[in-house]
Amino acid sequence: MSSSAAIVGASGYAGQEVLDRVLAHPELELAALGSDSLAGQAATALDPRLARSHAAPLPAFVPNDEALGAGADVVFLCLGHEEAAAVEPPGDAVVVDLSGAHRLADRALYAAWYGWEHPAPASLAAWEYGLPEVSPSRGRLIANPGCYATAILLALAPLRDAIDPAAVLVDAKSGVSGAGRVPRTSSHAGSVLENVTPYRVGTHQHAPELEQALGFPVCFAPHLLPVRRGLIATCFVRPLPGADVLELLTDAYAESAVVDVLPEGTAPELARVQGADAAELAVFEDAATDFAVVVCAIDNLGKGAAGQAVQNANLALGLDETAGLRLAGVPV
Ligand SMILES: NC(=O)c1ccc[n+]([C@@H]2O[C@H](COP(=O)([O-])OP(=O)(O)OC[C@H]3O[C@@H](n4cnc5c(N)ncnc54)[C@H](OP(=O)(O)O)[C@@H]3O)[C@@H](O)[C@H]2O)c1
């Protein structure tokens, strides 16, 4: 029997990508399409391709509160951080929150890194940080990791005890869809095209979730790329004597259908992960400095958001972990 799914905040980039995965999912049925900005309109108001992508007509948009209360088995929260923090999760549904509102266990970190007091700090303990390959959640309230955090943790989590924690540097770059659909000056074409800029260096909100997961802080410099989607994280680490970084990563992901550790000499590429829910990892040695360089490429909207959210939902619902994910194919 299929499980029912509701999407809250479906008109944003993350919401639209979740909708795409839900429609392709063999065991999920769309029960409610929530959007405050599109409430009352047909699904095709979001994208005309929806008219031909599904045999049965899709439900029209309803306000987010209505989608939340629709009684779905799984709810995907695709709202901004502060809006998601204010949501009361329905009683017995699996809820996957794609925002940062429930990722941090320490309430004080919200004021420090997000700039607002968490409205429901007592609820934070009920949520689990669900990175399926590293820390699969066991409960029904799942905080989906941030896009940068996903790539960086896939690269670093298996190395936690095998590297010098005081010398971890990350240079990461994301396509502009990482900033969401709501227009901002910094994501305006005039600022982004023909340009690459670092931003929020030392203040990015994914830094505390990295420290929470790894047990030590990393020096993290995000950059904005002039492409629509895709994210690449280049992580510089100093292995402890005797540590074999490639072996640790290969072992960690040997059973994964989502994370590929590439053969030596093959580099991760943005183009190969764009539009997909897979991750590519590779290791390079810099013999002159004794640094190992671990590179991870994902799609910020795939493994970095919607793909991972559906993967988390699959695990929580007892479904095939990769059902509905986009993992196959060799598009140019
Ligand atoms: N973008 C990414 O790569 C990415 C990756 C990982 C996590 N996330 C997280 O996922 C959540 C949603 O991100 P997003 O990228 O989908 O953000 P977004 O495109 O800005 O959408 C966020 C919300 O804004 C509303 N919205 C959409 N278009 C709008 C418009 N033109 N004017 C006003 N409001 C509009 C939508 O709510 P209604 O439908 O209710 O109107 C939507 O849920 C965020 O918490 C984000 O941090 C995003």
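Domain bounds here come from an automatic or database domain assignment. With that in mind, hello everyone, and let's look at this chain.

It is a predicted model, where local features need pLDDT of at least 70 and side-chain atom pairs count only at pLDDT 80 or more, while totals for chains, interfaces and linings use all residues. Residues are numbered from 1 along each chain as its sequence is written, and side-chain values use heavy atoms, with hydrogens and water left out.

The assignment gives domain 1 (3-144 + 303-317) and domain 2 (148-300). Their centres, taken over C-alpha atoms, are 24 Å apart. Where do the two meet? In contacts, meaning heavy atoms within 4.5 Å, 24 residues of domain 1 touch 29 residues of domain 2. About 2,100 Å² is buried between the domains, and carbon and sulfur atoms give 55% of it; buried area is the accessible area (1.4 Å probe) that two parts lose on being put together, summed over both. Y13, W113 and K303 supply 34% of what domain 1 buries against domain 2, more than any other three residues.

As for polar contacts (pairs of N or O atoms within 3.5 Å), a ligand oxygen is 2.5 Å from a side-chain N or O atom of S37. Another entry on my list is a polar backbone atom of Y13, 3.0 Å from a ligand oxygen.

Terms used:
A polar contact is a pair of N or O atoms within 3.5 Å; within protein, one must be able to donate a hydrogen and the other to accept it, and residues adjacent in sequence count only if both atoms are side-chain atoms.
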